[in-house]
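Below is a short report on a two-chain model. Look at the sequence and the structure before reading on.

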Amino acid sequence: MSSGKTFKLDGKAISFEEGDTIMDAALRAGEYIPHLCHNPEFKPHGSCRVCVVDVNGHSMSACTRPAEQDIDVDNSSDAIMDLRRSLLQMLFVEGNHICPACEKSGACQLQAVAYYTRMLSPRFTHFFPRRSIDASHPDIVFYFNRCILCGLCERASRDVDGKNVFSISGRGINSKLVFNSPSGKLGDSELSVTDKAVSVCPVGALLPKHQGYEKPIGKRLYDTKPISVVGDAALYQSVNRSSKSSESNE
Amino acid sequence: MTSELETAEHPKGLKRTVIEPLTRVEGHGKVTLLQDEKQNIKQARLHISEFRGFEKFIQGRPYWELPVLVQRLCGICPVSHHLAAAKATDMIVGAAELTPTAEKIRRLMHFGQTLQSHALHFFHLCSPDLLFGFDDEVRHRNIVGVIEDEPEIAKQGVLLRKYGQEVIRVTAGKRIHGTGAIPGGINKSLSKDEIKYLKRDIGQVIEWAQQAVELVKRIFFEHYDYHMSFASIDSNMLSVIRNDGAFEIYHGGLRARDEKGNTIFDHIDYSCYGDYIREGVKNWSYMKFPFITSLGQENGWYRVGPLARVNNCDFFPTPLAERQRREFTGTAEGRTVQSTLAYHWARLIELLHCSESIAELLNDSDLYGNELLNKGELQCCGTGVIEAPRGTLFHHYEINDDGIVKKANLIVSTTNNNQAMNESIRKVASQYLDGNQLSEALLNQVEVAVRAYDPCLSCATHAMGKMPLQINLVNDKGELLDRLEKRASGEINRTV
């Protein structure tokens, strides 16, 4: 059932329901808006700002901005793409993202979004922070170098797993992910390898131990098609299509 | 066995000549020569002017990253590091044996790697010296000169290398720095289409490989005495060997023989390499000097790579290469072949063996099997040894209870040949440079000796013969007597 309400995304009419964000409506319509901290399965976070769009002359995050009748949303102009590239370039220098050796390479959203936005070179000076690995958990490893503080593990652990294992501590450049355990170590937390929080990481920060590179080159998620086609947008579309199809069957 | 030219007795006041960078080798290195006032050579040393540091910075990384991470040491033979690390981590994950599919895919990858690396070395880097002479005009003595004068040979070199790279791509996912081998096995087998694709050209590859062996033999026999004596040194030989004594580059025990062919040790479990081999250090080099423990540092240094492997094996398991091996070892008259330039000959016999082995493997149905991984109980350490194109390669790791690397030791092929390369340049220096005014052609003879070993000095960079170079001759009063400058264009001028 359609509400009959629409807004314009790059000149194209997008239908939306009451309560939808621009991101919700765009994904449902099969239109890709680059994003990292957003995952359709969870409440919007609005922290990475990679989904920045221009709404009637104002830059806003599409994952938190409610859709509104007749607004004009720019999702793909050079200016918007340049803003996104800048945000990504900052993310890449703030941590240590060594794609050639990372086991998430080829299936990493940060890498895939960077390719999508044509981020082909660094712009800012690398911070090269000295960050550790927490491998204290028998089944899970956490790489602080690769964490982009998207908060997805925090939301998944709280909202799906009911454990509250993760939290972002500190402010600004000193922010970091901390673990809810007596020692502060991941190994002393309640996290289990089957938890939603472990599988939701968009980068290679939170991963199961003792495995890696098991998916051959050529078969990884983003090896042959861009994230705009095979990313979580596609997942959301397939979920949406199957629910629509069950609705019509009823 | 170590030459007295390693360290001059009275270095003060001697003229110092530097060949820097060495050209047409992998990576960056230099040779320093000290001469007295009569131009007599008093000291000759090969220096590696780069530092990689992988053993240090992989500490703190999870063990399952090692096969992918450590292969970044090298852009020419990354598969060797990839597989040596994979073999070490096989031990860590308790995989005593691989599945037939995993082992054969890895072997195929390694044959492809050795084939492409040997083709690169012979055709691109060394054929200009061998085809045109060590004193050929420098602007002609390069791969472009080969393309102009011998287009068919150049084409075969390029296409042989391409074929090896394609084998790597199909098995590892990429031509350089793939991910095929993982702890306990591999991440993909081959499809029937991929096997069909590789089968298409293998007949041609074998034919070209045979022609390449005949070519190097013709060159060798044309000036037999010269090739046998040039940079020739007596050394021990170390290599991996199969249980039955057959030539082996993927897995086996360690065999060492002396210059007369007597066995020093045989079929040694490479996990115990530390009991048989030690690494010495010298205050003038960043590269270590491995030696056979029982013989000591002075007499225990050895050579690795094609010359050692072909000398050490009892036979090749493939017919064409075996026929060539017999002719090769027949020149030694009961000893081991010690000619440094025979490295080229041995290398191309290996290239032929790799092409034959690839053809054999492509008919094996295990290549498209589905059982890819074996794992057991996690172990605290693992050692992987493989015969890389340039020689025996050791990877040794220890991990903590969390699976994080706490210690790593890598002895790379070129390190094993360190003393031997030094001895070879000393032989050349004393044979051809001693008492002579330096010239580009004479200095190239030093480089020819080093090139025969196919050293991978930094493992990732290429110097293709047109690097700027300046050689100063200074007397004991510090006065400049002579200066040769080689410009980036290849032009050489005497500027004093």
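## A buried arginine in chain B

Arg451(B) sits in helix 16 of chain B, residues 440–452. Helices here are DSSP runs of H or I, at least four residues long, and strands are runs of E, at least two long, both numbered from the N terminus. Arg451(B) is buried, with a relative accessible area of 1%. Buried means under 20% relative accessible area, exposed over 50%, and partly exposed in between (1.4 Å probe, protein chains only).

The side chain of Arg451(B) makes a polar contact of 3.2 Å with that of Asn444(B). Such a contact is a pair of N or O atoms within 3.5 Å; within protein, one must be able to donate a hydrogen and the other to accept it, and residues adjacent in sequence count only if both atoms are side-chain atoms.

## Basis of the values

This is a predicted model: local features need pLDDT of at least 70, side-chain atom pairs count only at pLDDT 80 or more, and totals for chains, interfaces and linings use all residues. Residues are numbered from 1 along each chain as its sequence is written, chains are lettered from A and ligands numbered from 1 in the order in which they are written, and side-chain values use heavy atoms, with hydrogens and water left out.

## The interface of chains B and A

In chain B, 22 residues are in contact with 19 residues of chain A. Contact means heavy atoms within 4.5 Å. The buried area between the two chains is about 1700 Å², and carbon and sulfur atoms give 60% of it. This is the accessible area (1.4 Å probe) that two parts lose on being put together, summed over both. Of the area that chain B buries against chain A, Trp64(B), Asn187(B) and Asp402(B) supply 33%, more than any other three residues.

The rule finds two salt bridges across the interface. A salt bridge needs a side-chain nitrogen of Lys or Arg within 4 Å of a carboxyl oxygen of Asp or Glu. Glu65(B) and Arg146(A) meet in a salt bridge at 3.1 Å, N to O.

Asn164(A) has a positive phi, near 55 degrees, in a residue other than glycine. Asn164(A) lies in the loop between helix 4 (152–161) and strand 8 (166–169) of chain A. Its relative accessible area is 40%, so Asn164(A) is partly exposed.

His267(B) has a phi near 50 degrees, again positive in a residue other than glycine. His267(B) is found in strand 9 of chain B, residues 263–268. At 36% relative accessibility, His267(B) is partly exposed.
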